[in-house]
Amino acid sequence: MTTRAAPISEPGARSARPARRRSGLSYLGVVPFFLFAILFMLIPIAFLIVGSFQDSANNDAITLKNYGDLFTPSILRAYGTSIEISLVTAIAGAIFGFLLAYAVILGGLPPFLRTALMTFSGVASNFAGVPLALAFIFTLGQVGLLTGLLNNLGIHIYSAGFNLLTKTGLEIVYMYFQFPLMVLIIAPAIDGLKKEWREASENMGASPRQYWQYVAMPILLPSILGSTILLFGNSIGAQATAYQLTGGTLPLVTVTIGAQMSGDVLHNDGLGYALAMGLVAIMGIAIVAYSILQRRSERWLRS
Amino acid sequence: MTNVGIGARAPGALESIQGSAQDRRRPVRFGRIWPWVVFIAGFVYFFLPLVATLEFSLRARPAGAAYTNVLKDPQFSGTLLYSFVVGVITIIVSIAIIVPTAYWVRLRLPRIRPLVEFVTLMPFVIPPVILVFGLIRSYSGAPFHLTNVSFGSDLLLVAAYTVLSFPYMYRAVDTGLRSIDVRTLTEAAQSMGAGWGRILLQVILPNLRVSLLSGAFLTLAIVIGEYTIASFLIGQKAFGPYLSHLGQNKSYEPAAVSLISFGLTWAAMGVIALLGRSAQGRRGGIQVAGGH
């Protein structure tokens, strides 16, 4: 399109803006964007980074003490719980979301179910936080609908040791936005699986297992891994759902940071900043791991 | 389905096809059942909490009291209106920042495109709780004292939500720009004497209608229900913190408000889906309209 238009417009346009002026002045066009990002994203983060290296009890002297303090049992437990919940819901959400997306796209279900599932997933993956926590209290809480139904059937989940306001309960709740997100981000990859590949491998006598092992999985693996890491990040940064559900009794990293903000629960500002940096670092490691894994599996795919 | 494919592709092997069809009968039947099992499991998971919420909201006596109480509560309409206004302002600010940037990067500065993309994706790496932590600690003290006045907190809230909207807005706008011929439109407008402001407002923006609307509704859906940032910056003036407070103090009303909030998310997503569908059908027409 551009080349077709070029003969008419290029000469005039070229004389209007000489190449030399481009380099300096054209950067002015993106100044508002970067200014905004610096003011409301980079400065706040920089503030936390700097604070995490300062000793608030000792005239803000430069120190690594805050990071050393992270290795206390209560904080390690918060990280452990956050990571465990995120791992469990990312993997379970990825598996179930993948099966669900595969079922509606290639599983032979009526096509309208696919449209329905995509719309549901768009809604559910954005339905997090307070209303989600409440909805599950009404479902699986002490007097919830499902709890009551199971009681009538003679299954008393609360006397069997289940409690919604625990790690397991939170995992069940998180699944509500995890698997729909998986459906949304994995669907394009499943769409990319060509029917011809399956037919070709069957023509050459491949069993379904061999097809999955040598054809479908290598193609899908980068997307599945990437999506799983995205789900992990999605869950480890969540705060509202957990806070509403457990009222802060389940110590997640995000909940601890929130408590630090409303009152100095750690009795140490610098430790709060270090706690936040630890969370950012985990997210960063996840993204780097994702790009390495993806590049490796792509290279392996090509050869 | 696979059998048909093989039959069509291997015309010389009729007798083996019949054999293979029989061999495969079992896995095919299993292959037809599991998608339904998975789908029904997902369906139940999706709707059971909603049904439970509805059922719980209807337990209030007299019937429907939860809903009438909520609608009568001035805090309900007040917080909802506040969050809606914040959402609309966020959308305007976000569009005002992202559209010129995405346009300019596409037209003149493709070199810095990776950097701009990286910055717009950063909110995915920074959890909201950390963003608001940093914002409060940076701007609540000297010399800004922004959180001492309610206008300052509102300002920070809009700023935080604008940052949150960057990934969605940039992707929506960039996809929209890809589908129109930015360079030709710009040069056509320039050759007719239009300045940059006029090009952006009267040529580029109308062409991005559909992308902007889908980005806008997604932003609105996120902002209206948002809890973490709102609760630390402004407390119960916003809808999310109000709902949370309600959930801790009332029994049936929170169920009613949760359902209403879910309905709002649903409506926003429905509009986005509709927009997406109409965009596919009308893309060519839209571009022509912008070129006039």
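Start with how chain A is divided. Its domain assignment gives domain 1 (2–52) and domain 2 (74–302); such bounds come from an automatic or database domain assignment. Between them, 4 residues of domain 1 of chain A are in contact with 6 residues of domain 2 of chain A. Contact here is a C-beta criterion: two residues qualify if their C-beta atoms, placed from the backbone, lie within 7 Å. On the domain 1 side, the residues split into 2 nonpolar, 2 polar and no charged. For the classes, Ala, Val, Leu, Ile, Met, Phe, Trp, Tyr, Cys and Pro count as nonpolar, Asp, Glu, Lys and Arg as charged, and the others, Gly among them, as polar.

Some housekeeping. This is a predicted model: local features need pLDDT of at least 70, side-chain atom pairs count only at pLDDT 80 or more, and totals for chains, interfaces and linings use all residues. Residues are numbered from 1 along each chain as its sequence is written, while chains are lettered from A and ligands numbered from 1 in the order in which they are written.

Chain B next. It divides into domain 1 (2–57) and domain 2 (66–291). The contact between them takes 5 residues from domain 1 of chain B and 7 from domain 2 of chain B. The domain 1 side of chain B has 3 nonpolar, 2 polar and no charged residues.

Now secondary structure. Chain A comes to 14 helices and 2 strands. Chain B comes to 14 helices and 0 strands. These are DSSP runs numbered from the N terminus: helices are H or I with at least four residues, strands are E with at least two.

Packing, chain by chain. Buried residues make up 39% of the 303 residues in chain A. For chain B, the share is 42% of 292 residues. The rule counts other C-beta atoms within 10 Å of a residue's own, with C-beta atoms placed from the backbone: 20 or more is buried, 12 or fewer is exposed, and in between is partly exposed. Contact order is next. Among chain A contacts between residues at least 6 apart in sequence, 76% join residues at least 24 apart. In chain B, residues 24 or more positions apart account for 77% of the contacts with a separation of 6 or more.

How do the two chains meet? 70 residues of chain A are in contact with 73 residues of chain B. Helix α3 (residues 31–52) of chain A gives the most to the chain A side, with 12 residues. By class, that side has 44 nonpolar, 22 polar and 4 charged residues.

Then the core. The largest nonpolar core has 156 residues. A core is a set of buried Ala, Val, Leu, Ile, Met, Phe, Trp, Tyr and Cys residues joined through C-beta atoms within 7 Å. Those with the most contacts inside it are Leu100(A), Ala101(A), Val132(B), Ala160(B) and Val173(B). Helix α8 (residues 150–179) of chain B supplies the largest share, 15 residues. Beyond its neighbours within four places in sequence, Val132(B) touches Ala160(B), Thr228(B), Ile229(B), Phe232(B) and Leu233(B).

Most residues other than glycine have a negative phi, and most peptide bonds are trans. Asn59(A) has a positive phi of about 55°. It sits in the loop between β1 (54–55) and β2 (61–62) of chain A. Asn59(A) counts as exposed, because it has 7 C-beta neighbours inside 10 Å. His145(B) has a positive phi of about 50°, and it too counts as exposed, with 11 such neighbours. Finally, a cis peptide bond joins Arg61(B) and Pro62(B), with omega about -5°. Pro62(B) lies in the loop between α3 (25–57) and α4 (65–72) of chain B.
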